[in-house]
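I opened a new entry today. My plan was to look up a few things and write down each one as I went.

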Amino acid sequence: MNLQELKQKLNEVGFSDEVSAKLHEIIDAAIVKGSLDAVAKQQMMDLVDLDVEAGLLEADTMDKMALTLGSFAATNEKILEMNDEKEAKIEADVEEAVSQIEDAAKAAPAVPTL
Amino acid sequence: MKIETMDSEIQSRPSVMERITTAAETAGRPRSERVMKVLDRVLGAPEAVGMAVTIAGENARALQERAANALNETAHSMEEATQDAIDQFTGWVTKTKDKGVAKARDWGARALKFGLTKATSLEDRVVAICNIPAGLEEIAAGGFEARAKAGSEQYTKNVVDLMTAKAGLSAEQRAILESLLAAQEVERQKLEEKQAKGREKIGLRVEKARGRAGELKADADNKRSWVEKQRVFKGLLAKVSV
């Protein structure tokens, strides 16, 4: 792969603005010069590594946050579930107690009129 | 006058008690026992019904308080569990952020050596990723107890007013009891509705947390895809002869 093709590839890859600018600067100088020296090549490799590292750090942080948020959502869902169970029990108890009161009221004798 | 005659006739009629007692006295013992049973029923009924309504009223009040207490306890329990979940969540986020920021600072120090002047931008991006979406830390169940207590007091007042107004315990007693029980049911439903609002808030929080988690996962996948392309470029660069 010649330097022009490498520059072409560089345009297709997403680097951070600052790293991209540095890489272009080095490769353009190499194109003018007609070759890429070992120091410049190593510098380019280091810059790519830096951007890869930054990208991975961002991706890892995003994944961790996504997991944390997912876990938080699951915990809240569990809280809701437990709350629903407790409320269903309260409702059943109230229904039963109201029925007992209603039954007691129905059992009370009516007041006859003379 | 005719009206005066009617009034005097009514006034001269024996009372119900007198009529039944007279009937009992004149009918002989077996007849007397049957009549006395009727009399007992007539005389005892208002007291029995009154007692039934009173007991039912007290039971309904006690039930209302029990239901309110139980719902409040559930709300408190939900609030505590929610607070624990939030504390745990913010703790995890802080840890993730601290670790990420430390790594970003280290990266920034190395980046500066390569002449990258915007080295702190990575730290800023890490902090932005770890930002907790608005509303996620809000406690949903707070303030429920005071509202439920207010409802309970109003309900008790209603029952007391009702019983006081109808202290005579007339034939309307069944209707009174029915309205009392209906009030009980309405109150219970109000408490349920308040609880439902707490649940709704938690539901929204779950939705928001899941939504943000989905966005971050997609962003992370996208970022890794870019990283993969960068690695491919590095592979090509490595093949360039010097």
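This is a predicted model: local features need pLDDT of at least 70, side-chain atom pairs count only at pLDDT 80 or more; totals for chains, interfaces and linings use all residues.

Next I listed the elements. Chain A has three helices and zero strands. I read its order from the N terminus as α-α-α. Chain B has six helices and zero strands. Its order from the N terminus is α-α-α-α-α-α.

I then looked at the contacts in chain B with a separation of 6 or more. Residues 24 or more positions apart account for 77% of them.

**Entry: a helix pair in chain A**

I noted how such a pair is put on record: two packed helices are described by the angle between their axes and the distance between the axes.

I took α1(A), residues 3-12, and α2(A), residues 17-33. At what angle do their axes cross? I found roughly 165°, with the axes coming within 10 Å. Angles over 145 degrees count as roughly antiparallel, so α1(A) is roughly antiparallel to α2(A). The crossing of α1(A) past α2(A) is left-handed.

Which residues make the contact? On α1(A) I listed Leu3(A), Gln4(A), Leu6(A), Lys7(A) and Leu10(A). On α2(A) I listed Leu23(A), His24(A), Ile27(A), Ala30(A) and Ile31(A). I sorted the residues of this contact by type: seven are nonpolar, two polar and one charged.

I moved to helix α4 of chain B, residues 121-129. Leu122(B), Val126(B) and Ile129(B) are buried there. Why do I place them on the same side of α4(B)? They cover an arc of only 60° around the axis, so they share that side. I checked the other side of α4(B) too, where Asp124(B) and Ala128(B) are exposed.

**Entry: Pro133(B)**

I followed chain B into the loop between α4 and α5 (144-165), where Pro133(B) lies. Is Pro133(B) buried, exposed or partly exposed? I counted 14 other C-beta atoms within 10 Å, so Pro133(B) is partly exposed. Leaving out residues up to four places away in sequence, I found that Pro133(B) touches Lys208(B) and Arg212(B). Arg212(B) is 79 residues away from Pro133(B) along the chain. Their C-alpha atoms are separated by 7.6 Å.

**Entry: Gly198(B)**

Gly198(B) is in helix α6 of chain B, residues 173-239. I counted 22 C-beta neighbours inside 10 Å, so Gly198(B) counts as buried.

**Entry: Ile86(B)**

My last stop was Ile86(B), which sits in helix α3 of chain B, residues 29-113. Ile86(B) has 19 other C-beta atoms within 10 Å, so I put it down as partly exposed. I also looked up Ile86(B) against Leu136(B). The two are 50 residues apart in sequence. In space they are 8.2 Å apart, C-alpha to C-alpha.

Key. Residues are numbered from 1 along each chain as its sequence is written. Chains are lettered from A and ligands numbered from 1 in the order in which they are written. Axes are lines fitted to C-alpha atoms, for helices over the stretch in contact, and angles run from 0 to 180 degrees between N-to-C directions. Helices (H or I, at least four residues) and strands (E, at least two) are DSSP runs, numbered from the N terminus. Angles under 35 degrees count as roughly parallel, over 145 as roughly antiparallel, 65 to 115 as roughly perpendicular and the rest as oblique. A crossing is left-handed if the near helix is turned anticlockwise from the far one by less than a right angle, and right-handed if clockwise. Two residues are in contact if their C-beta atoms, placed from the backbone, lie within 7 Å. Ala, Val, Leu, Ile, Met, Phe, Trp, Tyr, Cys and Pro count as nonpolar, Asp, Glu, Lys and Arg as charged, and the others, Gly among them, as polar. A residue is buried if 20 or more other C-beta atoms lie within 10 Å of its own, exposed if 12 or fewer, and partly exposed in between; C-beta atoms are placed from the backbone. The arc is that of the directions from the helix axis to the C-beta atoms.
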